[in-house]
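Please look over the sequence and the model below before reading on.

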Amino acid sequence: MRQLDREQTLAHLDYQSVADACAEVLRLDRAGRTACPPRGFMPLAEDGTLLLMPATDGELAITKLVTVHPRNSEQGRPTIQGEMIILDAATGTRKLMVDGGAVSARRTAAVSLLAAQRLAPRTDTPLLVYGAGTQARTHLEAFRDGLGIRRAFLHSRTRRRAEALAAEMNGQGMHVTVTDDPRAALEDARLVVTATTATQPFLPASLPQDTFVAAVGAFRPHMAEIPAALLQQGTVIIDTADGAREEAGDLIRAHETGAFQWSDAVTLESVIVDGQPPNGEGPVLFKSVGQSLWDLAAGRVLVQSIDP
């Protein structure tokens, strides 16, 4: 079995290729050709989380084991660590073992890119990113590579980390500005990414109708980035119905108060496979909590890239 370290894994996961593979996996899922059990979840010490995610398309099967420790960043350690094994579904032969954290980073941003390409009212504006961790970086890269975004604003509670990320991205040809006033940035930005572990909503209660938000943080029930008032104003798209009901803290909280109904949300699968337009008007709010189908899509890209 071949093993790929983090840098090798990243080298084979082009954002657009993964986004296209995610769309294809959704089509296979609709045709009944995939299996994607709910991911296993177990809390760990120091506010950590252990996640176990299997999936198959009948030809390949994957299982990913990942740990998420938000406090690791305070000590200079990776927040997300893990491994993913890709195997032949018919024989169980192990094909690859790759870096699970790299897969999580790339496929999450690729799904947001896919959603933005299909749903964003405008892609000719700057991007505003909340957060300065791995997902902030990969979303800057994905929107740069897939949408041609060159100008972005970055806001984080830890300005030092934001400045370091901005300097890194500026060195790659983007123009990223660290801002302490994200609401001012929203005067120009119509593309927004929230990639935080916030426990209280911080987005404004109202956004311009031509705004697209990819909310990829708040992946546990006690977390929240989107206020209920904004959910009421906007059109809600979810990456997975079961996952959102179990893990999307912003939506769970709003549903419990009656401000949001699950029937009001449209799945990304419906958008991709059926061409179903979002319901209603207002800003488009794409809530992503992740599922193993996205890891399977990344696995398909990895296998095709290494053994075409």
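Which residues does Q3 touch, if residues up to four places away in sequence are not counted? In this model, which is a predicted one, Q3 is placed in strand β1, residues 2-3, and the residues that Q3 touches are Q8 and M97. The C-alpha atoms of Q3 and K95 are 8.8 Å apart in space, although 92 residues separate Q3 from K95 in sequence.

The C-alpha trace spans about 55 × 40 × 40 Å along its principal axes. Of the contacts in the chain with a separation of 6 or more, 69% are between residues 24 or more positions apart. Among the 308 residues, 55% count as buried, while the accessible surface comes to about 12900 Å², with 46% of that area belonging to carbon and sulfur atoms.

The interior comes next. In soluble globular proteins, nonpolar side chains tend to be buried together. Here the largest nonpolar core has 66 residues, and the residues with the most contacts inside this core are L127, L140, F143, F212, L268 and L302. Helix α3, residues 100-119, supplies the largest share of the core, namely 9 residues. The surroundings of F212 can be followed one by one: leaving out residues up to four places away in sequence, F212 touches S112, A115, A116, L119, A120, P121, F143, R190, L191, V192, V284 and F286. Another core, of 27 residues, lies apart from the largest one and includes A185, A215, V236 and I238.

Helix α4, residues 134-147, has 14 residues and reaches 19 Å from its first C-alpha to its last, which is close to the 20 Å expected at 1.5 Å a residue. After α4 comes G148, whose phi is positive, near 75°. Helix α11, residues 292-306, has 15 residues and a reach of 21 Å from its first C-alpha to its last, close to the 21 Å expected at 1.5 Å a residue. This helix too is mostly covered, as 11 of its 15 residues are buried, and the buried residues of α11 are S292, L293, W294, D295, L296, A297, A298, G299, V301, L302 and V303.

What aromatic pairs does the model contain? With ring centres required to lie within 6.5 Å, the count comes to 2 aromatic pairs. In one of them, the rings of Y130 and F202 have their centres 4.8 Å apart and their planes at 40°, so the pair is tilted. Because Y130 lies in strand β7 (residues 127-130) and F202 in the loop between β10 (191-194) and β11 (212-215), this pair ties together parts that are 72 residues apart in sequence. Y130 counts as buried, at 4% relative accessibility, whereas F202 is partly exposed, with a relative accessible area of 24%. F260 and W262 form an edge-to-face pair, 5.3 Å centre to centre and with 80° between the planes, and both F260 and W262 are buried.

A last stop concerns the backbone. Most residues other than glycine have a negative phi. E46, which is not a glycine, has a positive phi near 60°, and D47, also not a glycine, has a positive phi of about 60°. E46 lies in the loop between β2 (40-44) and β3 (48-56), and D47 lies in the loop between β2 and β3 as well. E46 counts as exposed at 53% relative accessibility, while D47 is partly exposed, with a relative accessible area of 31%.

Notes:
Residues are numbered from 1 along each chain as its sequence is written. This is a predicted model: local features need pLDDT of at least 70, side-chain atom pairs count only at pLDDT 80 or more; totals for chains, interfaces and linings use all residues. Side-chain values use heavy atoms; hydrogens and water are left out. Rings of Phe, Tyr and Trp (its six-membered ring) pair if their centres lie within 6.5 Å; planes under 30 degrees apart count as stacked, over 60 as edge-to-face and the rest as tilted. Helices (H or I, at least four residues) and strands (E, at least two) are DSSP runs, numbered from the N terminus. Buried means under 20% relative accessible area, exposed over 50%, partly exposed in between (1.4 Å probe, protein chains only). A nonpolar core is a set of buried Ala, Val, Leu, Ile, Met, Phe, Trp, Tyr and Cys residues joined through side-chain atoms within 4.5 Å. Contact means heavy atoms within 4.5 Å. The expected span of a helix is 1.5 Å times one less than its number of residues. Accessible areas come from the Shrake-Rupley method with a 1.4 Å probe; for residues, only the protein chains shown count as cover.
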